[in-house]
Amino acid sequence: MVQQEHPGSRPRAQVRQRAAWQGHSNNVWSVCALRLADGTYATASASSDRSVQVCSVDGELITRFTGHRDTVFIVCAVSAPDGRQLAASAAWDGRIACWDPETGKAVAWCKNRGSVYSLCSFNLASGTALLATGDRQGNVVVWSATTGKVVSRCRGHADSVWSVCPVVLSGGVALCSASDDTTVRVWEPTTGRQIWSSRVAGIGGIMRRRKAHHDEVHCVVAIPGDGGRTSLVASGSSDKSVRLWDAHSGGLVAKCRGISAKVNALCHVVLKDGRTCVAAGAEDGSVTVFDVADGKQVVRSAAHQGPIHAMCAIPVPGQTRSLLATAGEDGIVQLVWPESGEIMECDSPFVEDCEPHTDVVRSVCHVACHDGVSFLASGGWDGQVAVRVVKAVGFS
């Protein structure tokens, strides 16, 4: 295990800012990547100004969706059955919209009974596009992305659901959720039937308690395995741990220790040697990387001076390994090499033409790879969305 508490020698990468714009008049909470009909990529940003803006990677405004009546907390891409990519956005008033990012016209509206805290999209084997939401009251609801109708209600959580994500099992796509009630649960999305819960397990007809989290669970991420299926589910909690669960049975595979504060964000990364890992971003600004094969710590790095709010993996052009991007309360976007913990600050004088955010950065996402470079988008409470170009060079 390597411990990297302070940035060491700067890794060989080049970062420059391609575009930055402040089209929002209030906080940006979420950014996501969208693929347009002509094959180009764009960003969508959700804001407290009640709008979602779609812009090219050069900062040109494509469309602005203004159908929401409250803070728009989350935005995500949706793969429609006809091949188009739509956008879905959720607001604190419980209204969820699915809409065309090139025209700004709504395709469907969903009305949840409470404030939506989490949102994801996925497709069934038939191609049917679904949305899943988690809310303040502990409800997990699956919606049709094209009609807005409720497909199923997944009942079992007793507190707020902060994270939902699809998992691919042998029987098809399932839905995973994480809650303040300390549990992780996996559901059959078309019926709402619970497949497993981290709290109890059934063996020989006898229910017993698992070694579950003992504090709020803030985030979950699916870890891919062979054949495109999900092998593990990773969960991060206020109990300062990450747990790895067998995606099919819910059995506890490993408890990842060594985190010094509550876990706010998780991300799946691949190391140079091909190992699959999970990275955890914590309230104290640290990033800890764990090998999912055994749950052992690979590296720990002090990436931020304050809480980490979001993370994403950036594919290294021409390789299977990935970089890690982190976004923090300190207004900084960092690049972390998950093997060593070495850090390159995106917002530093050593990076050419990179204007920093001036307030909290709440979201970061990988947009696309093109011509040997990767595009990275971030959104902050300064109302700014920034798209940076990351070009990796000289890897050994």
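Predicted model: local features only at pLDDT ≥ 70, side-chain atom pairs only at ≥ 80, totals over all residues.
Me: Fine. What is the bridge partner of His268 in E26?
Reply: Val278 is the bridge partner of His268. The strands E25, residues 263-270, and E26 pair in the antiparallel sense, over seven bridges.

Me: How many residues sit between the strands in the hairpin of E25 and E26?
Reply: Five residues lie between them, and in that hairpin Gly274 takes a positive phi near 90°.

Me: And E27, how does that pair with E26?
Reply: Strand E27, residues 286-291, pairs with E26 in the antiparallel sense over five bridges. Within E27, Val287 stands opposite Gly281.

Me: Which residue has a positive phi in the hairpin of E26 and E27?
Reply: That is Gly285, with phi near 90°; three residues lie between the strands of this hairpin.

Me: Why is E26 called largely enclosed by the rest of the structure?
Reply: Strand E26 covers residues 276-282, and six of its seven residues are buried, so the rest of the structure largely encloses it.

Me: Changing topic. Which residues have the most contacts inside the largest nonpolar core?
Reply: Val78, Ala88, Ile96, Leu119, Leu131, Trp143 and Ala145 do, in a core of 19 residues. Elements giving two or more residues to this core are strands E7 (72-79), E8 (85-91), E9 (95-99), E11 (116-123), E12 (129-135) and E13 (140-144).

Me: Which of those gives the largest share?
Reply: E7 does, with four residues.

Me: What does Ala145 touch, leaving aside neighbours within four places in sequence?
Reply: Ala145 is in contact with Val78, Cys98, Val107, Ala108, Ala129, Leu130 and Leu131. Another core, of 18 residues, lies apart from the largest one, and its members include Cys219, Leu232, Ala261 and Val278. Val278 is also the bridge partner of His268.

Me: Now Ala377. Where is it?
Reply: Ala377 is in strand E34, residues 373-380.

Me: Buried or exposed?
Reply: Ala377 counts as buried, because its relative accessibility is 0% and the cut-off for buried is under 20%.

Me: What is in contact with Ala377, again leaving aside neighbours within four places?
Reply: The contacts of Ala377 are Val31, Thr43, Ser363, Val364, Cys365, Val367, Ala386 and Val387.

Me: How many residues apart in sequence are Ala377 and Ala44?
Reply: They are 333 residues apart in sequence, and C-alpha to C-alpha they are 9.6 Å apart in space.

Note on methods: Residues numbered from 1 in each chain as written. Heavy atoms only, no water. Buried < 20%, exposed > 50% of the residue type's maximum accessible area, 1.4 Å probe, protein only. Pairing = 2+ DSSP bridges. Core = buried A, V, L, I, M, F, W, Y, C linked by side-chain atoms within 4.5 Å. Contact = heavy atoms within 4.5 Å.
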